[in-house]
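The points are grouped by type of contact and by chain segment.

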Amino acid sequence: MRFLFVYPNVQRVWAPRLGISVLSAVLKERGHETALFDSTMLRGPEIAPRFLRKVEEFQPEAIGFSVLSNEWKLTRDLLKLPGIKNLPKIVGGHHPTVDAEGCLKHCDYVVRGEGEDALAELLDALGGGRDATRIPNVWTRNALGMEARNEMRDLIGDLDTYPIPDWNIYAREHYTRNFLIDVKPGTRIVGQFEGSRGCPYHCTYCSSPHVMGMYKGKGTWRREKSPRRMMEEIQDFEARNGLAMIYFVDEIFLTQLPRLEEMADLFSRHVRKPFLFMERPEMVKEDKIRAIARAGAYSMSIGVESGDEEFRKRVLNRKMEEETIVRAFHLARGHGIKTHAFNMVGLPYEDRGRILASRELMKRVKPDTAQFSIFYPLVGTELRELCVREGFLPPDDEMPENYYAASVLDMPTMPRGDIIKYQNMLEILCGREGLWADFL
């Protein structure tokens, strides 16, 4: 079948969604033809006509939308267009996984969770005229209009067995104008790669615990690609596009020391490119940092989120001591790895004292750069349920396209305007080493 992927990138930043590249490679291996409609640099009124033009040019036999929660409104608008009325419409990705019931009201099929096998089987069935109502991970309706909510299939056991992602389904600008292009001066091409799946932690602001629960009894949640397979993907990308810097999208990276040491041996000899990765403070150990530095690590982004230790443990379920956080940044710095700190403001029960605590912790850890994003209670998270229960958020609140710009919570401890004010002041200091002054 001819299958059109849709990337409704409302944030309008150059950053490929790796899942589309992976799914496209799987579908091509199964004999399907794929193309992409990418809204990254389009403004609102331009999107629908350009989308319909792509449909007219490619003549797809089915259309699939990869959707985050802030992209659902645009996706819903595109699904209503008369020009695709008679085509099978499929939605998948993060938002449909946690709100399949809501999404199924607007499309023909919802793919929940990992889509490699589910989407391929669905297209095989549609292309062959076979029953498509019994495919695991897929919700749809049968001939009588009744919902078919199929169970989850087992998690993918061996990530190495799937084809190398289809990097070039995206325009080259996603790599040459990538949102991380300025992290390391002189970088011209950034490639994004997946080394693992399945964060085992239970942070209350993240939907990963919800999805983990959906897969209970369906296999090992935490899975890692072998260093050799990671190297092969990187080399394939470089051969097709060139490469100056690598970004690993994994939620955590520093897990098994033998794997990191194998990665160091292979990458130091055959890859020799700087890379960025994300990590939790308690995962940062001396021997692991030593190995990852030898592999070529350039910068590590560490989730801090709040400088109030008691609040961090009780409300965010991040049970690390402040000294653990300080030590993580210290170890990275000692091995020549730059650091970036993730923080949030506008969390439930936020007040000036907690914001000051985050400022004070940043002064202690001295990150090379830091960000202070405004908290949004995502669908499928424990903190969203808390915000609704406490009356901070209406139950039917719909996520804005840009949830970094303003708070949506109405809290007695801090008005929205003050949250924005403090966030703006903290953001002024991002990237300015040594300027964590007493400015509040």
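1. Basis of the note. This is a predicted model, in which local features need pLDDT of at least 70 and side-chain atom pairs count only at pLDDT 80 or more, whereas totals for chains, interfaces and linings use all residues. Residues are numbered from 1 along each chain as its sequence is written, and side-chain values use heavy atoms, with hydrogens and water left out.

2. The pair R2 and E61. A search of the whole structure gives 36 salt bridges (a side-chain nitrogen of Lys or Arg within 4 Å of a carboxyl oxygen of Asp or Glu). One of them joins the side chains of R2 and E61, at 4.0 Å from N to O. R2 belongs to strand β1 (residues 2–7) and E61 to the loop between α2 (44–58) and β3 (62–66), so the bridge ties together parts that are 59 residues apart in sequence. Helices (H or I, at least four residues) and strands (E, at least two) are DSSP runs, numbered from the N terminus. R2 is partly exposed, at a relative accessible area of 30%, and E61 is likewise partly exposed, at 34%. Here buried means under 20% relative accessible area, exposed over 50%, and partly exposed in between (1.4 Å probe, protein chains only).

3. Further salt bridges. The side chains of R153 and E121 meet at 3.0 Å, N to O. Since R153 lies in the loop between β7 (147–149) and α7 (173–176) and E121 in helix α6 (residues 116–128), the pair ties together parts that are 32 residues apart in sequence. R153 is buried, with 14% relative accessibility, whereas E121 is partly exposed, with 30%. D351 and R354 also form a salt bridge, their closest N and O atoms being 3.6 Å apart; D351 is partly exposed at 26%, while R354 is buried at 14%.

4. Aromatic pairs. The structure contains 18 aromatic pairs (rings of Phe, Tyr and Trp, the last by its six-membered ring, with centres within 6.5 Å; planes under 30 degrees apart count as stacked, over 60 as edge-to-face and the rest as tilted). The ring centres of F3 and F5 are 4.9 Å apart and the planes stand at 90 degrees, so this pair is edge-to-face; both residues are buried. F193 and F237 are also edge-to-face, because their centres are 5.6 Å apart and their planes at 75 degrees. This pair links distant parts of the chain, with F193 in strand β8 (residues 190–193) and F237 in helix α9 (residues 227–241), 44 residues apart. F193 is buried at 1% relative accessibility, and F237 is buried at 0%. One aromatic cluster is formed by W167, Y175, F193, F237, F248, F253, F267, F275 and F277.

5. Charges over rings. R280 lies over the face of Y201, at 3.6 Å from the ring centre, and K421 lies over the face of Y422, at 5.1 Å. The criterion is NZ of Lys or CZ of Arg within 6 Å of the ring centre and within 35 degrees of the ring normal.

6. Helix α15. The buried residues of α15 (residues 382–389) are L383, R384, L386 and C387. They fall within an arc of 160 degrees seen down the axis, so they line one face of the helix; the arc is that of the directions from the helix axis to the C-beta atoms. Exposed residues E382, E385 and R389 are carried on the face turned away from the buried side. G391, which follows α15, has a positive phi near 80 degrees.

7. E305 has a positive phi near 75 degrees although the residue is other than glycine. E305 is placed in strand β13 (residues 297–305) and is buried, with a relative accessible area of 8%. K366, also not a glycine, has a positive phi of about 50 degrees and is found in the loop between α14 (352–365) and β15 (369–374).
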